[in-house]
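Look over the sequence and the structure before reading on. The report covers the backbone first, then the chain as a whole, then the cores.

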Amino acid sequence: MTRRTNVLGVGMIKFAKPGASDDYHVMAANAARAAMQDAGVSYEEIAQVYAGYVFGDSTCGQRAVYELGLTGIPVFNVNNNCSTGSTALMLGRQAIEGGLAECVLVVGFEQMEKGALSNKYADRPNPVEPHFNVMERNQGVDSGPFAAQMFGGAGREYRWLHGTKRETFAQISVKARKHAAKNPYAIFNQELSLEEVMASPQVFDPLTRYQCCPPTCGAAAAVLCSDEFAKKKGASNPVYIKAQAMTTDYRSSFHEDSMIKMVGYDMAKSAAKKVYEQAGVGPEDIQVVELHDCFTANELLTYEALGLCPEGEGEKFVWDGDNSYGGKFVTNPSGGLLSKGHPLGATGVAQCTELVWQLRGQAEQRQVDGARLALQHNLGLGGACVVTLYGRD
Amino acid sequence: MTDELRFEGRVAIVTGAGNGLGRAHALLLASRGARVVVNDLGGAMTGGGRSSQAADQVVQQIIDAGGEAVADYESVEEGRRIVEHALDAFGRVDIVVNNAGILRDTSFHKMSEEDWDLIYRVHVLGSFRVTHAAWSHMRDQKYGRVVMTASAAGIYGNFGQANYSMAKLGLLGLSNTLAQEGAGKGIQVNTIAPIAGSRLTETVLPKELIDALKPEYVSPLVAWLCHESCPESGGLFEVGGGYFGKLRWQRAAGQMFRLGRTMRPEDLEKAWAAVTDFEHATYPASVTESLTPILDNINAGPSRGGNDLIDVDAALAYRFPKRTTTYDERDLSLYALGVGAAANPMDDSELQLVYELHQDGFLPLPSYGVIPAVNNFLSLAKEGVLPDGFNFGLERILHGEQRMTLMRPLPTHAKLTHEMRVKDVFDKGKHAFVDIETKSYDESGELLMVNSLIAVIRGAGGFGGSRGETGERNTPPAREPDAVVEEAVHANQALLYRLSGDWNPLHADPGFAKAMGFDRPILHGLCTMGYAVRHVVKAMVPGGDPRLVHGLEVRMSKSVFPGDTLITEMWKEGDRILFQTRVKGRDDIALSQGAVSVWEKIPEPKAAPAPKASEPAAPKAQEVTSAAVFSAIGAYIKGHPELVEKIATIYQFQLTGPDSVWTLDLKAGAVAPGETGKPDCTLRLSDADFMGMVRGEKDPQQLFMKGELKISGNIMASQKLTFLQKVDPKEVAAAAASTAPAPAAAPTVTRSPVAKQVFEALAVRLSANPALGKDLQADLRIHVQEPGATATLRMKDGRVSLAFDDAGPVQTTVSLTDEDLERLAKGEETAKSLFMHGRLKVEGAMAPAHRLSFLSNLI
């Protein structure tokens, strides 16, 4: 019999631009302290740590949690590109669920450089080579940022299939900024108009600058525990993980000459399906979603992959306002990667943090009324996609 | 002189400094501020006697000139005392010049043990003892300079000097190792091989020559090697009579035998030219470099084996010369007739295979793809071009199997370049199987097809190699065939088929056939295959469309005679159609294990990259040019054959300003100007950026990100180019100085706009067939950027009109360049691909843009 995994506490720090943050170990330790305080546990009670980050030398995780104590516990450093944070969460969940630990700390952090992502190790094969090859065949390779070309290309393909207006993509950024304006942890707190988003410099048609997530420094943490541990701590009704699934690339990512599939559409669709089946719910039962909006194009695709709207109806979904307060769902109430920021290793844990606050009714100005079920989608090229469903009794 | 090399504060020991070379070294060092221990035993040049006079005179001369020196009369065999003397007198020792020496020349058969031993003790043991005593002081102070004195006699040998030659080259070995041991300690050790008129050389050189060879012509080198600013260590220098030059080892390219095979003296006898071939020499300078080829051979793994008839390693390493052939509709028609097509000239689908003016278009029979590849093999074989390691006659070869994969349907005419190699050799026990692979590229360099000719080499097996694939391929299922086609082969069919290129008299000449054991000429196995493929296309390929055939495989099992009736049985299994062909009335399966694989839809042809127009300009003389760099890269690749294994990529560099094209073939390990092969990865950048990249000043990734480096083909392969920065700058300079191959100029192409032509053709097509545009159901504007032409198509409400203007509102406007319109009209590009590449902009409704295929095949 498997055990339930509770999210006993969460915490994060305000995300910041590269150069304007503390060093990674300070950020991570501060986020972890906040999560432990929220959970009411001390570091001595933590049995294992799962530390997620992408850029940094080996064992940054230890460097970070050694700020909290030197108790000799196992520390696992986790790297899974942009889905690193939720990958760490999943490992923590497996430890609790399998009865290997009673209480673990998951911490995600990233100290990023300025500018677009690039390959750090030019002397060996690039892990995203198969993805590049799809892009090369379909649209060639431009000199712009690689990630923008990949997701922008998926946006182009979506436009080709559905005749979508460029403004539809831009409108997603307008929504994201609106949400982030009420999130004190977000990197951007100013709203933007549709005209401003459209007028920002083009990065890769249809994406403009304001439709790309910014390089960000930040950290977030979560304390996961068993029912017994939660009871011992006096937590009466904690948020818990109802279902979770990770997928990696399918044949369709590379063999169907589709940019949409190359950037992980089928990974997301399949992970969501598994989660709905595990939990016995459908998308219509969900109120709030944190999804991986690294670029506006991917948010649009993800509406359909997660089943929030039928395939091909993303444009209508956007203009009907079904992605915000008053509509069918609220997607990315935190501002998402676009506006809260995207510190790679922290993102998956920060999504979890926002959803736990939403389910507890602690999201203040951003609170989604009647939030009972919350869905998280975190994607990394290379690739991996983790979809998680959170709930509360 | 302010830039004079000085030795203030340095203490030098010069042994044998009473006369000749040693005296000149000591005087020069002292004149430059060194404090010198002038060591000389004062003995005779053959080793007898001793006196203090020689050393004292030199010391006096130094002191008279204002220098500092002490005389030392010890034998070098007492090296420790000489060093102690230096420490007592001056407190340190920085420089040791081992110069003392004697001669005991005599031809070897007269040489006594004493002659041998005395030479050894003075030269070798003496140099060892002095240097060894000084070494620990040099290590402690982290500074030292040691010079050993060798001789040409040691390097090259000299009659009557066996003992002396031994000793002199022994010192070189000592010096080489001390240079390495001293490297981290600030100690540098070098060896000179001087020639000078001294007491020692008076015995072997004529008087006039000795007068010209003053010791003062040697000492400057010793002083320079002993100076703190000299970087040299571990060197050997020939010096004298005004000449100074460094020596190094050179090693022939040599002969490598793969491990795991018996190596016999006869193999070496045969390979002797390669063992001693200095044309492709290397210059190993360390034990590591010395071991490189040996380690490479170990890394290359064991030999694949072979026997008297076949050498597998040689065969696999062999590359056939590239050949280019062409075919057109006539060849295709003749072939189709050769394999029995259009026996009924009223059968429309068969007529399409042989009639180039057919109203629905001419269709090549896909099995024709085998012909250019097989003919290429046959014609090379006829010229005697066979792979290395094929040590057998053609009579042993049987055509066992044929496999072919098409990358896209065969065009109706093509100019193909064939790259052929022995892909694998299998040991099937009695016989060997050889897989001869041919890759055929079209004129734009795109791979069109890959053929595998599996030949049985009778009696060549049993060498203990890999058996390869065993068991049956493409075994038909147990059920009844899904389709069966029966067809008689005409009695003169072989005579018709052979016109496609297989001239073997076995298929035409009754006498020849008889001699080969047949009653009459037999049908070509590939002709039977053509029949079978026709049957499969007709009965099993959707719509009978030959363009859907992706690949085929077949084994030729039994002979067929013209006049036989063939029965082809077929089974559909997934995207493959399995088949076998029997001969009616006999129990013979002529073709077995056959398979035809089928595409779901016809793949589109790839667009040819547009060559860039350019103005070739000659590179400036007297500069290190990219040509020199490529030449150096070539040398580097030759020295690093492992790169070929590791990278296995063909790069093409298209450099601009001045323009040149280079092919860096890391499959064949060659660098050449121009386009010599089909590149996997093409890089376009300026000559200056390329040079910056090679010098390590520019990062390829950054150049790419800034758009200054354009890469097409396999982008990832460009990351493997980091080895370029390891190319030795000296090699570059050397290549620049020698004759580098001239760069090939980039091709120059000019084109004129086609928009008008396309639109006019569209008007003609629409007026002839107004229904064409009906399903568009929209008004569409095509805006051609630069040179600027616009057409507006109104196709709504069942009416079609085409105007060359941009008047009035439309649902959709698409914009593209004239070049891309041309590609679209020629069917080389699809609208979707152009859109994805950002080269087709769509404003307004998207759906009409999906239907731009009505533009294709307009020109």
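## Backbone and cores

In chain A, the loop between β5 (202-204) and β6 (207-208) contains A:P206. This is a predicted model. The bond between A:D205 and A:P206 is a cis peptide bond, with omega at about 10°.

Another loop of chain A, between β11 (373-380) and β12 (384-391), holds A:G383. Here a cis peptide bond links A:G382 to A:G383, and omega is about 0°. As a rule, most peptide bonds are trans, and most residues other than glycine have a negative phi.

B:N474 is not a glycine, yet its phi is positive, near 50°. B:Q593 is not a glycine either, and its phi is also positive, at about 50°. The two residues sit in elements of chain B as follows: B:N474 lies in the loop between β13 (447-457) and β14 (483-488), while B:Q593 lies in strand β18 (residues 589-598).

Are these two residues buried, partly exposed or exposed? The table gives the counts.

| Residue | Other C-beta atoms within 10 Å | State |
|---|---|---|
| B:N474 | 19 C-beta atoms | partly exposed |
| B:Q593 | 18 C-beta atoms | partly exposed |

A residue counts as buried at 20 or more such atoms and as exposed at 12 or fewer. B:N474 has 19 of them, so it is partly exposed. B:Q593 has 18, so it is partly exposed as well.

Chain B can also be described as a whole. Its secondary structure consists of 27 helices and 28 strands. The chain has 859 residues, and 40% of them count as buried. How much of the contact in chain B joins residues at least 24 apart in sequence? Taking contacts between residues at least 6 apart, the share is 70%.

The last topic is the nonpolar cores. The largest nonpolar core has 134 residues, and within this core A:A31 and A:V107 touch the most other members. Which residues does A:A31 contact, apart from its neighbours within four places in sequence? They are A:G11, A:M12, A:I13, A:V107, A:F109, A:A219, A:A220 and A:A221.

Definitions and conventions. Residues are numbered from 1 along each chain as its sequence is written. Chains are lettered from A and ligands numbered from 1 in the order in which they are written. This is a predicted model: local features need pLDDT of at least 70, side-chain atom pairs count only at pLDDT 80 or more; totals for chains, interfaces and linings use all residues. A nonpolar core is a set of buried Ala, Val, Leu, Ile, Met, Phe, Trp, Tyr and Cys residues joined through C-beta atoms within 7 Å. Two residues are in contact if their C-beta atoms, placed from the backbone, lie within 7 Å. Helices (H or I, at least four residues) and strands (E, at least two) are DSSP runs, numbered from the N terminus.
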